[in-house]
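Here are a few notes for reading this model for the first time. Please keep the sequence and the 3D view side by side while going through the points.

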Amino acid sequence: MEIGSVRRRGNVLDVFDVRGRIIGTIGIGSQDELLQWTSDTVVVRRGRLIYHYDARGRIKGIRPGSSR
């Protein structure tokens with residue numbers, strides 16, 4: 001499924017397809033930061049770690065990030 005947009009709603013990221021239908025959700029903390037999204041990945045900073053999620057909100061990978 002192709003990601004069209006991502007919207008933050010409190011402690012949840014709603015992931016939408018290109019037609020505007022919700023296709024996934026990602027639970028996040030108040031200090032977590034949505035960095036970017038592509039057609040197949042949502043990238044979130046959680047402290048010093050960078051999380052990569054698929055369109056349905058499943059973790060694809062985690063990597064260390066630079067300090068803020």
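1. In this predicted model, 3 strands form an open sheet in the order β1-β2-β3, with antiparallel pairing. Strands are DSSP runs of E with at least two residues, numbered from the N terminus, and two of them pair if DSSP finds at least two bridges between them. The edges of the sheet are held by β1 (3-9) and β3 (22-27), each of which has a single partner strand, so one side of each is left without a neighbour in the sheet.

2. Strand β2 (residues 12-17) runs antiparallel to β3 and is joined to it by 5 bridges. Within this pairing, Asp-14 stands opposite Thr-25 in β3.

3. The loop between β5 (42-46) and β6 (49-53) contains Gly-47. With a relative accessible area of 41%, Gly-47 is partly exposed, a term for values between buried (under 20%) and exposed (over 50%), computed with a 1.4 Å probe and protein chains only. Gly-47 and Arg-7 are 40 residues apart in sequence, and their C-alpha atoms are 20 Å apart in space.

4. Ile-59 belongs to strand β7 (residues 59-64).

5. As for the basis of these points, residues are numbered from 1 along each chain as its sequence is written, and side-chain values use heavy atoms, leaving out hydrogens and water. Because the model is predicted, local features need pLDDT of at least 70 and side-chain atom pairs count only at pLDDT 80 or more, while totals for chains, interfaces and linings use all residues.

Definitions and conventions
Helix = DSSP H or I, 4+ residues; strand = E, 2+ residues; numbered from the N terminus.
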